[in-house]
Amino acid sequence: MVKKKIVIGNWKMNPLSLQEAEKLFNNIAKSISNIKKTEVVICPPFLYLEKLKKISRKIYLGAQDAFGRDEGPFTGEISAPMLYNIGVRYVILGHSERRMMGENNNEINKKIKSALVAGLRPVLCVGENVRDESHNYFNLVKNQLEECLLGVSKNSISKIIIAYEPIWAISSTPDRKDATPDDCREMTIFIRRILSDKFGKETSRMRIIYGGSANERDAENFFKKGGIDGLLPGRASLDSKKFSRIVKICEVSNK
Ligand code: PGA
């Protein structure tokens with residue numbers, strides 16, 4: 001079975017106005033109009049989702065989080081079924097910026113399960129803070145995968161996308177360093193092994209993608225050598241030219 005490659009733009013808490021969001025989204029939609037083989041997803045802030053949905057049928061919309069319960073007394077939260085009902089189809093869960101605000105694997109696990117029940121495809125972010133010489137980062141990622149995916153059924157596992165995002169390479173990390181396609185490949189092989197040990201052969205259909213200052217200059221190398229099925233750019237997704245360049249590179253890498 002052929003896995004469609006995917007590029008997911010994480011706009012984070014940008015831009016400041018709906019007008020700017022519409023302009024950026026429109027420019028992206030125009031410049032990727034010829035794309036056929038790549039799935040393109042944009043994850044804007046919640047409050048722009050419904051408006052942007054009306055602009056393009058080609059670009060899927062994703063949220064940057066969703067709560068782990070469907071409805072009830074949870075002030076300030078937004079649930080997976082609410083997102084599905086306005087046309088959202090993907091949701092980033094367990095992003096390191098949310099983990100830094102206190103989110104733990106147990107909560108992420110609840111969010112993944114609610115998202116799956118609602119019909120959303122979770123994009124589960126995993127990744128280490130540092131690469132230590134004793135290779136403890138493998139254990140950390142293994143633990144994140146095991147705890148976040150606890151109790152997920154073999155039937156739904158292939159709906160989940162794993163985003164490997166080493167925190168030391170993310171654009172907002174002070175003194176960040178570039179991750180190489182080799183760093184990425186080593187981890188994607190490891191992630192695939194953990195997944196297939198736990199969930200069996202269904203996991204061969206899962207997409208593993210890379211995020212961490214992914215940009216239009218290194219995208220080709222990551223597709224060629226990183227062992228990935230897609231990219232999750234943050235900063236580069238706020239520039240329509242850079243983002244659409246990444247999508248076009250992905251399209252060429254799709255066989
Ligand atoms: P970045 O963000 O591309 O700006 O590093 C990626 C992410 O944090 O999802």
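Colleague: A polar contact is a pair of N or O atoms within 3.5 Å. How far is a polar side-chain atom of His95 from an oxygen atom of the ligand?

Modeller: It's 2.7 Å for His95. This is a predicted model, where local features need pLDDT of at least 70, side-chain atom pairs need 80 or more, and totals for chains, interfaces and linings use all residues. Numbering runs from 1 along each chain as its sequence is written, and side-chain values use heavy atoms, without hydrogens or water.

Colleague: What about Lys12 and the ligand?

Modeller: A polar atom in the Lys12 side chain is 2.7 Å from a ligand oxygen. For Ser171, an N or O atom of the side chain lies 2.5 Å from an oxygen of the ligand.

Colleague: How much of the ligand does the protein cover?

Modeller: It covers 99% of the 280 Å² of accessible area that the ligand has on its own (Shrake-Rupley method, 1.4 Å probe).

Colleague: How many residues surround the ligand?

Modeller: There are 13, each with a heavy atom within 4 Å. Lys12, His95, Ser171, Ser213 and Gly234 are the closest.

Colleague: Which classes make up that shell?

Modeller: Four residues are nonpolar, six are polar and three are charged. Gly counts as polar here.

Colleague: New topic. Is Asn10 buried or exposed?

Modeller: Asn10 is buried, at 4% relative accessible area (buried means under 20%).

Colleague: Where does Asn10 lie in the fold?

Modeller: In strand β1, residues 6–10 (a DSSP run of E, at least two residues).

Colleague: How far is Asn10 from Arg235?

Modeller: Their C-alpha atoms are 7.8 Å apart. Along the chain, 225 residues separate Asn10 and Arg235.

Definitions and conventions
A polar contact is a pair of N or O atoms within 3.5 Å; within protein, one must be able to donate a hydrogen and the other to accept it, and residues adjacent in sequence count only if both atoms are side-chain atoms. Helices (H or I, at least four residues) and strands (E, at least two) are DSSP runs, numbered from the N terminus. Buried means under 20% relative accessible area, exposed over 50%, partly exposed in between (1.4 Å probe, protein chains only).
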